[in-house]
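Subject: Structure handover

Hello,

Here is the structure we talked about. Please open it alongside this note.

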Amino acid sequence: MASVRGNAGLLPIRLDQGAPRRISLRARLMRFALRRMFKEALRFDVPVQAVRARTEKMAKRLPPVPADISVVDTVADGVPGHWITPAEAAEDRHILYLHGGGYVICSPRTHLGFTWRIAREARARMLVIDYRLAPDHAFPAQIDDCLVAYRHLLDRGIDPKRIAVVGDSAGGGLTFGLLMRLKALGLPMPGAAVGLSPYLDLTATGESHFLNAKADPMIPLSGVLFGAMAYLQGADPRHPEASPIYGDAAGLPPCLIHVGSDEILLSDSTRMAAKLRAAGVPVQIDIWHRMPHVWHAFARYIPEGRAAIAEVGAFLRRTIR
């Protein structure tokens, strides 16, 4: 992992140029499996509803959460989801979690295999919402749902400084998109934000979209473009709520960004971190060597996933304590 951080902003990012560092055997096997079973098998001629159904069916095979974790379905002012509450959660520490899935698939259920781990490490109560998906619902319906859920937390009397917004992939895009919406409305910012392999540039013009197109073991460029098309449906891809790297970052809360060194979305993260630094926002960006897209989701299998989640938890305990 190449870690680049600063108290008041981002330090210059440099990836190691020497001999490759070692990653676990399990991570190497995971990269191989993802390339063969996901990236090379990805198809766009299958109805998205069928892909969703298959994804939800797979989620039913996840092992049950540990006994010290409570999962309770809820509806946050019309937006469905569930609360995850670890036994050791602080009563006044909360996370709003926004799941990934390219804006077109996945749900709180598909992510339960690792969201409980983040909640436990952060010692926080976590609201995971089931926002509306594209192409059935186009941008900005998803941001609208995120705003409703965030306001739901505020209406419960929760101090915004004790709330963190966390999201992976497309959920990382929604995380920063929500911050742009809050700023535009003059609403209080959360105490922190975390993006895990965030999808932040729907124009797909970053250098890693091309330089890492082959190296990324999981996400093809065609997948990035498909997600953007299904989500935007004619909206401006440079709208700051859709592609937050084109927004004004001034006034955003302290941020943590995790990304793999050969991800196709690497430049989404590095450009966002640079924008945050230029705006004087405290930001920490950690570039993990050869980790696949949102490797946190594979914490059950690879030690790097568990280590990354531990770092996210430590960051949240520091920032929303």
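Helices (H or I, at least four residues) and strands (E, at least two) are DSSP runs, numbered from the N terminus. This is a predicted model, in which local features need pLDDT of at least 70 and side-chain atom pairs count only at pLDDT 80 or more, while totals for chains, interfaces and linings use all residues. Residues are numbered from 1 along each chain as its sequence is written, and side-chain values use heavy atoms, with hydrogens and water left out.

Leu 202

Start in the loop between β7 and α6 (208–211), where Leu 202 sits. Leu 202 has a relative accessible area of 5%, so it is buried. (Buried means under 20% relative accessible area, exposed over 50%, partly exposed in between, with a 1.4 Å probe and protein chains only.) What does Leu 202 touch, leaving out residues up to four places away in sequence? The list is Tyr 103, Ala 228, Tyr 231, Leu 232, Pro 237, Ala 242 and Ser 243. Contact here means heavy atoms within 4.5 Å. Ile 245 is 43 residues from Leu 202 along the chain, and their C-alpha atoms are 9.6 Å apart.

Strand β6

Next, look at β6, residues 163–168. 6 of its 6 residues are buried, so the strand is largely enclosed by the rest of the structure. In a regular strand the side chains alternate between the two faces of the sheet. In β6, Ile 163, Val 165 and Gly 167 point one way. Ala 164, Val 166 and Asp 168 point the other way.

Strands count as paired if DSSP finds at least two bridges between them. β6 pairs with β4 (residues 94–98) in the parallel sense, over 5 bridges. Ile 163 of β6 is the bridge partner of His 94. β6 also pairs with β7 (residues 192–196), again parallel and over 5 bridges. There, Val 165 has Ala 193 of β7 as its bridge partner.

β6, helix α5 (residues 170–185) and β7 form a right-handed β-α-β unit. Right-handed means that, with the strands pointing away from the viewer, the path from the first strand over the helix to the second runs clockwise.

Helices α4 and α5

α4 (residues 141–155) packs against α5 at about 70°, with the axes 10 Å apart. The two helices are therefore roughly perpendicular (65 to 115 degrees; under 35 is roughly parallel, over 145 roughly antiparallel, the rest oblique). Axes are lines fitted to C-alpha atoms, for helices over the stretch in contact, and angles run from 0 to 180 degrees between N-to-C directions. From α4, the contact residues include Ile 143, Leu 147 and Tyr 150. From α5, they include Leu 174, Leu 178 and Leu 182. By class, the contact has 8 nonpolar, 2 polar and 3 charged residues. Nonpolar covers Ala, Val, Leu, Ile, Met, Phe, Trp, Tyr, Cys and Pro; charged covers Asp, Glu, Lys and Arg; the others, Gly among them, are polar.

Backbone points to check

- The peptide bond between Ala 134 and Pro 135 is cis, with omega about 0°.
- The bond from Phe 139 to Pro 140 is also cis, with omega near 10°.
- Pro 135 lies in the loop between β5 (125–129) and α4, and Pro 140 is in the loop between β5 and α4.
- Asp 77 is not a glycine, yet has a positive phi of about 50°. Its loop runs between β2 (69–76) and β3 (79–86). Asp 77 is exposed, at 52% relative accessibility.
- Ser 169 has a positive phi near 55°. Ser 169 lies in the loop between β6 and α5 and is buried, at 9% relative accessible area.

Best wishes
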